[in-house]
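Dear colleague,

Please find the structure below, with the sequence alongside.

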Amino acid sequence: MVILLLTNALVYILYALYSSIPLMLARTSKSASRRFSMAIDIEKELAGIKAQFEERPGAKKKLSMIVFSGDLDKHIAAMIIATGAAAMGMEVVLFYTFWGTAALRDPKKKAKGKDFMGKLFGTMLPKGRNKIKLSRMNMAGAGTAMIKNLMKKKNVASLDQLYEAAAAMNIKIYICQMSMDLLGMKMEEMIDYPGLEVVGVATFLDHAKESAVQLFI
Amino acid sequence: MAEHDAVKVLDYKGLACPMPVVKISQEIGKIEVGQVVEVNTTDPGSLSDFPAWAKSSGHEIVETKQEKGIIRIFVRRKK
């Protein structure tokens, strides 16, 4: 028992000596005090942690949103969040895909050279943001008309006003290439919006990974 | 003299979310750093939205007053 205790103590003393060697070396190599060298180490560590924190994914004050839906109510929500975020000083990027792309069509423009399916989708899908319908209680268009009326009465910004605000605040709009192909849409029939661009999924992910907020609507 | 030396009054009465915040974010750049602007709004959401906007965009809400259904918010440009 005593022997065991003694060996334990010996091991401990040896360990203490071993771990103090670098300290003693530091003391002999430089006249600076131990506390001083430690302070520098902590500062270095902190800087490292800070750098890691700032470089981590999703750290940027940025909103990346997928606008998938072709419903009026969801488009209003998307645009209100987007313009709100831009007002808060966030960078905002919107990706229109699938049914959402129909909302970016310009009713005054026409695209030529569409194939049969493209023409079919073209006539069946709403021509622009003012032709999209409510997701619920549409009632053959009566519900949508009622909501638009109510919005005017209650002074809620219309989609037209929201798009105008979005353009003024440099909100970036991308359209999904694959959706446009699939639904037979062409760039010539899309709205005039500053910097409107056709992209793929990688572009979205590239933006999304550095964004603090990512939404799918 | 205007309260808090506000250099101008922005009339956002009747506007609904998100327009008051959208408009102030565009207007704040038109005054000098350190100056105060007064915002009049009737949107109750502004009571929480303006402080949130100020926190995020780095400006300051000097004072908020509520009188006769009108909310008066004094905003100082900080940067």
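The mean pLDDT of chain B is 91, and 99% of the residues in this chain reach 70 or more. Please bear in mind that the model is predicted. For the complex, the predictor gives an ipTM of 0.78 and a pTM of 0.75.

Chain A

Chain A contains eight helices and five strands. Along the sequence they follow the pattern α-α-β-α-β-α-α-α-β-α-β-α-β. Of the 217 residues in chain A, 24% are buried. Among contacts in this chain between residues at least 6 apart in sequence, 77% join residues at least 24 apart.

The strands of chain A form an open sheet of five, in the order E4-E3-E2-E1-E5 with parallel pairing. Strand E4 (197-199) and strand E5 (211-216) of chain A each have a single partner strand, so one side of each is left without a neighbour in the sheet. On average, and with direction ignored, neighbouring strands of this sheet are turned by 25 degrees against each other.

H3(A) lies across strand E1 (60-67), strand E2 (91-96) and E5 of chain A, and runs at about 165 degrees to E1(A). The buried residues of H3(A) are A:Leu72, A:His75, A:Ile76, A:Ala78, A:Met79, A:Ala82, A:Thr83, A:Gly84, A:Ala85, A:Ala86 and A:Ala87. They pack against E1, E2, helix H5 (142-153) and H6 of chain A, together with H1 and H2 of chain B. Just after H3(A), A:Gly89 takes a positive phi of about 90 degrees.

The contact between the chains

In all, 13 residues of chain B are in contact with 12 residues of chain A. On the chain B side, the elements that give two or more residues are H1 and H2 of chain B. H1(B) provides the largest share of that side, five residues. By class, the side of chain B that touches chain A has eight nonpolar, five polar and no charged residues.

Which residues of helix H1 (residues 19-27) of chain B are buried? They are B:Met19, B:Pro20, B:Val21, B:Val22, B:Ile24 and B:Ser25. Their cover comes from both chains: it includes helix H3 (72-87) and helix H6 (159-168) of chain A, as well as strand E1 (6-12), strand E2 (36-41), helix H2 (46-57) and strand E4 (70-76) of chain B.

Chain B

Chain B has an open sheet of four strands, in the order E1-E2-E4-E3 with mixed pairing. The edge strands are E1 and strand E3 (60-67) of chain B, each of which pairs on one side only. Neighbouring strands of this sheet are turned by 20 degrees against each other on average, direction ignored. E3(B) and E4(B) run antiparallel and are joined by seven bridges. B:Lys65 stands opposite B:Arg72 in E4(B). H1(B) lies across E1, E2 and E4 of chain B, running at about 160 degrees to E2(B).

One loop residue of chain B may also be of interest to you. B:Thr42 lies in the loop between E2 and H2 of chain B. Is B:Thr42 buried or partly exposed? B:Thr42 has 15 other C-beta atoms within 10 Å, and is therefore partly exposed; a buried residue would need 20 or more. The C-alpha atoms of B:Thr42 and B:Lys13 are separated by 5.0 Å, although these residues are 29 apart along the chain. Leaving aside neighbours within four places in sequence, B:Thr42 is in contact with B:Lys13, B:Gly14, B:Gly69, B:Ile70 and B:Ile71.

With kind regards

Definitions and conventions: Residues numbered from 1 in each chain as written. Chains lettered and ligands numbered in written order. Predicted model: local features only at pLDDT ≥ 70, side-chain atom pairs only at ≥ 80, totals over all residues. Buried ≥ 20, exposed ≤ 12 C-beta atoms within 10 Å, placed from the backbone. Contact = placed C-beta atoms within 7 Å. Nonpolar A, V, L, I, M, F, W, Y, C, P; charged D, E, K, R; others polar. pLDDT = per-residue confidence, 0-100. Pairing = 2+ DSSP bridges. Axes fitted to C-alpha atoms, helices over the stretch in contact; angles between N-to-C directions.
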